[in-house]
Amino acid sequence: MKSLLTCLALAALPFSTLAAPVVELITNKGNIEITLDSAKAPKTVDNFVAYVKAGHYNGTVFHRVIDGFMIQGGGFDAKLQQKPTRAPIANEANNGLKNDIGTIAMARTNDPNSATAQFFINVANNDFLNYQSSTPQGWGYAVFGKVSKGMDVVNRIAKTRTGYMNGYENVPFEPIVIQKAILKP
């Protein structure tokens, strides 16, 4: 009877009390640990974790770095060749999470539902990226987690010298490589 009551009590706990998935990005500038919010952004977290498990992020670079704004990566290799991706996912920006300092969000095109593998980490409170309405202009960018360790690494990356390279702006002159992305146990 006691074990039955324990099981029922555990089952009654809110989902958010269960361990949140954590991904570690091992970069040539240091490690960044990100705690994902699968309760508020389940499809986005599932998508990101699938790319991590597939090894997609291994060898990709932070290809767009703007100090005072964000660092973006996950889509290009060190030669700025775009990596193939799976189909885009639905935008979950209306989940209540905000594009605040240290949060991770999905990058996308002008189409609100075009996010695939690219992501960015905010180095400022970017309120203008938050969900405002279900219109093309108001959808915003889906936040799905937060840096839990390594924000010093993120800030160092944000200070990197950048320029124009292979048709892209704000590219670090020295490649900032995600050597490996791992889902922590």
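**Exercise 1. Pairing of strand S1**

Task: Determine how strand S1 (residues 22-27) is joined to strand S2 (residues 30-36), and by how many bridges. Then describe the pairing of S1 with S10.

Solution. 
Step 1. S1 and S2 run antiparallel, and six bridges join them. The model examined here and in the other exercises is a predicted one.
Step 2. Look at single residues across the pair. Glutamate 24 stands opposite glutamate 33 in S2. Isoleucine 26 has asparagine 31 in S2 as its bridge partner.
Step 3. Turn to S10. S1 pairs with S10 over five bridges, in the antiparallel sense. In this pair, threonine 27 is bridged to isoleucine 178 of S10.
Step 4. Check the burial of S1. Five of its six residues are buried, so S1 is largely enclosed by the rest of the structure. The cut-off used is under 20% relative accessible area for a buried residue.

**Exercise 2. The barrel and its helices**

Task: State in which order the strands of the closed barrel run, and find which elements H2 and H3 touch.

Solution. 
Step 1. Eight strands make up the closed barrel, in the order S1-S2-S7-S5-S6-S4-S3-S10, with antiparallel pairing.
Step 2. From one strand to the next, the twist averages 35°.
Step 3. H2 packs on the sheet and touches S1, S2, strand S5 (103-106), S6, S7 and strand S10 (177-183). The direction of H2 makes about 115° with that of S10.
Step 4. Helix H3 (residues 151-158) also packs on the sheet. H3 touches S1, S2, strand S3 (60-66), strand S4 (70-77), S6 and S7, and its direction makes about 115° with that of S2.

**Exercise 3. The nonpolar cores**

Task: Identify the residues of the largest nonpolar core that touch the most other members, and the helix that gives the most to this core.

Solution. 
Step 1. The largest core has 32 residues. Those that touch the most other members are Leu25, Ile32, Phe48, Tyr57, Phe62, Phe119 and Phe144.
Step 2. Helix H2 (residues 42-53) gives the most to this core, namely five residues.
Step 3. Take phenylalanine 48 as an example. Leaving out residues up to four places away in sequence, phenylalanine 48 touches Val23, Leu36, Tyr57, Ile104, Phe119 and Phe144.
Step 4. There is also a second, separate core of eight residues, among them Phe69, Ala105, Phe120 and Val143.

**Exercise 4. A loop residue**

Task: Locate glutamine 132 and list its contacts beyond four places in sequence.

Solution. 
Step 1. Glutamine 132 is in the loop between strand S6 (119-122) and strand S7 (143-149).
Step 2. Its relative accessible area is 58%, and glutamine 132 is exposed.
Step 3. Apart from neighbours within four places in sequence, glutamine 132 is in contact with Asp127 and Gly138.
Step 4. The C-alpha atoms of glutamine 132 and valine 154 are separated by 27 Å, and the two residues are 22 residues apart along the chain.

**Exercise 5. The whole chain**

Task: Count the helices and strands, and compare the radius of gyration with the globule rule.

Solution. 
Step 1. The protein chain has three helices and 10 strands.
Step 2. The radius of gyration is 17 Å, close to the 16 Å that the globule rule gives for 185 residues, so the chain is as compact as a globular protein of that length.
Step 3. Of the 185 residues, 45% are buried.

Definitions and conventions
Residues are numbered from 1 along each chain as its sequence is written. This is a predicted model: local features need pLDDT of at least 70, side-chain atom pairs count only at pLDDT 80 or more; totals for chains, interfaces and linings use all residues. Side-chain values use heavy atoms; hydrogens and water are left out. Helices (H or I, at least four residues) and strands (E, at least two) are DSSP runs, numbered from the N terminus. Buried means under 20% relative accessible area, exposed over 50%, partly exposed in between (1.4 Å probe, protein chains only). Contact means heavy atoms within 4.5 Å. A nonpolar core is a set of buried Ala, Val, Leu, Ile, Met, Phe, Trp, Tyr and Cys residues joined through side-chain atoms within 4.5 Å. The radius of gyration is taken over C-alpha atoms; the globule rule is 2.2 Å times the number of residues to the power 0.38. Two strands pair if DSSP finds at least two bridges between them. Axes are lines fitted to C-alpha atoms, for helices over the stretch in contact, and angles run from 0 to 180 degrees between N-to-C directions.
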